[in-house]
Amino acid sequence: MGAAGAVGTAGCGFRAGTDGDGDGPDEGDGSAPDDAEAGDDGTADDPPDGPDRRFRVVDDGFAVSVDGGSFEALVPRGVNLGMAKPGRFPGEAAITRAEYDRWLAWMGELNVNVVRVYTVHPPAFYRALAAYNREHADPIYLLHGNWIGEELLAHAGDAFALSAEFDRSLRQVVDVVHGETTIDPEPGHASGTYDADVSDAVLGYIAGIEWPPTVVAETNRANDPGPYDGEYLASTVDRPFERWLAERLDRAVAHEVDAYGTQRPAAFTNWVTTDPLSHPYEPFEMEDAVAVDPDAIVATDANDAGTFAAYHVYPYYPPLLNETPEYASYVDHRGEPNSYAGYLNDLVGATDHPLVVAEFGVPSSRGIAQRHVHGRDQGRYTETEQGEIVAAMYEDVREVGAAGGLVFSWHDEWFKRTWNLAALSDPNRRPEWSNVQTPEQGFGLLTFDPADAVPLDGSADAWADATAATPADPPVRFDDGGDGSAADDARELTALRVTSDAAYLSIRLEFADLGDGAGVDDAPDWDRVNYLLTLGLTGRGGVQLPHGVDATSASTDFVVRLGGPDDSRVTVHPRYDAFAYLYGAEAGLDLDSYRNPDPGAFAPIRMTIGRGYTVPPTGERVPFQSVETGALRYGNGNPDSPEYDSLADVHVSPSTDAIEVRLPWLLLNVADPSRRRRLGDLWSDGVDEYEPFEAIDVAAASYVPAGDGDAGSGDDGGGTEAAAEPIDSRPTNLAHAVPGVEGDRLRTVEYVPPTWDEPAYTERLKESAEYLRETFGRYG
């Protein structure tokens, strides 16, 4: 985690347990499948003689020579490709040949000319890349890395203790791209016969990971100072960590020269935390404690290919990108303030080597983890907004003079977790479901939609197999004045339907008549009718419902109130509020009111986005920050619709007299929907105890809003906004309910979600991909 214990490493939050990392619960324990299981025929395609390409670093970037011709400029327009997919951890190396073929074809259509991988993929990847490049005049080049687990580095402390292992992995990468090795099965790694020679497309190597500053500091402390003078690469400073890196890269280049008679550009991964710049406005000491300087590693006269700098740079972390005045006030090529471009401009100007921004991006996720001073946050963007921002970031990369950029990432990765939500899901089951709340999952240009998801567009066909209930009693009729009959029809529920998939619990309310309006602004009449949904997972009974409806519930942990756009939200029984349990003290909440809440109290569902810090040298205090993630957004959730909104939670369909709601599993404290497991009693058992649940108790009701309720969001646990109008001579003031009301008790219908071992999904390029296609084409 970051120095504050509040955020993950720059860009992608927690980085442990990702590609090639064999430690930790997020890696999984499956070994790589054999080639037949991977959907390949187990042999390389017979390649015709291809072009002889040579690559080198020139003053401002890369250049390529084809068949002995002159060197021509090559500017990376790339993507990063991980090794995970739904249902599998990255270490299972489960991506098939058919998937690689399809993805590379789509990359080409998006004007991608470079794909970067962090570690050795299955043989199918290299066969697919060789096949693609044989069939296309414009190849996709490869930047290849080798992985070393962050936990392994942290355990060793001194990087020199891992020199032999790191050298072996780099030699293996070289042999793999030349199609000259066989890797034996090993849990957490790809294996097989590597017989596809893709070396003619290998632009270079980017070794290692985002270096933990504690490891850099310990390596420098534990070893004598001094430079490294190698045959192909040398270090020019006395810091041992740069000496270690120079020797590792030198040995890799030497191996390729000795074994294959060629060499190509080489670099190491770097990031803002270990850049060589001074950042006095960085509030967390370890985010600016040590430097790893690419300029300290230089090519010797024997190295024709050269070296370059490779940085992961995201706009929202570390805080120095928000707090440094020179960055916050920097004006970009558009004439707009842009701290991201300001930092890149500083970094490029301070680096002698050509600089590739090897990771950049923002996620299209429902949840959010960090803010950016100019609105490039970590999450809570639609796919369209993601595309606009990522395309603008590539423009920034090019306009400040960087050598190129690689978007993170090609595809969404279900196994990922984010610092502010990591404690709330089962780490061993994360790949089995789509957690749209976590930003780390949503960086991809390619997404995976649950196969059985309802479209959230009002159409009824997809709900045919849903669990259904109808009302047992007729509605209460009111004399509202005006068109009272129309309001009564909108209050009359005719059916409640419930279904679910690998991402959402979805509910459809059907009505006698929502009205003749074209959408949520004029049908239903929200001043005359509101709706409640109650959801129970724990068996918590006898719960007094909020919003002044004078009713209790047989089983309720969450209440959804639908009061129209900007006035709809999910609230939680205070004792089941995970935010209050994890962050309530920091947020200044009265924790006693959560441990022992008052009757009828329900709390907004919030998400932490910053735990606060003090900015040196000004002494300004940036407070703890959160957002109300339980607030619901209205829109059309069907990707095939021209009105598609990837963040839509609620769809109102007057034409079919229906309102549909989809709720992310994590919003309901479900830690693993694939096996129906939820968080337990937080205040007694903490967040690490997962409890099975057999069903979800669901009910729906309509009521007449009084119009003079408290407009607050219920931060005190009351949740009393838009209270219900009283109804004389009735025990409850609900106008109608499904399945019904007994006395003052709202009855519930039981919904049993399906379980699964392998998630079913379909692939889809996000709307963001089109923005990259245009921008990459324009800068091609």
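Visitor: How many positive and negative side chains does the chain have, and how far apart do the centres of the two sets lie?

Guide: Lys and Arg count as positive and Asp and Glu as negative, with His and the chain ends not counted; a charge is placed at NZ of Lys, CZ of Arg, CG of Asp or CD of Glu. In this chain there are 56 positive and 137 negative side chains, and the two centres lie 2 Å apart. This is a predicted model, in which local features need pLDDT of at least 70, side-chain atom pairs count only at pLDDT 80 or more, and totals for chains, interfaces and linings use all residues. Residues are numbered from 1 along each chain as its sequence is written, and side-chain values use heavy atoms, leaving out hydrogens and water.

Visitor: What share of the residues counts as buried?

Guide: Buried means under 20% relative accessible area, exposed over 50%, and partly exposed in between (1.4 Å probe, protein chains only). Of the 780 residues here, 64% are buried.

Visitor: Why does Gln386 count as buried?

Guide: Gln386 has a relative accessibility of 1%, so it counts as buried.

Visitor: Where is Gln386 placed, and which residues does it touch?

Guide: Helices (H or I, at least four residues) are DSSP runs, numbered from the N terminus. Gln386 belongs to helix H10, residues 383–399. Contact means heavy atoms within 4.5 Å. Leaving aside residues up to four places away in sequence, Gln386 touches residues including Val362, Tyr381, Phe443, Gly444 and Lys766. Its side chain reaches the backbone oxygen of Gly444 at 3.4 Å.

How values were computed: Helix = DSSP H or I, 4+ residues; strand = E, 2+ residues; numbered from the N terminus. Polar contact = N/O pair within 3.5 Å; in protein donor to acceptor, adjacent residues only side chain to side chain.
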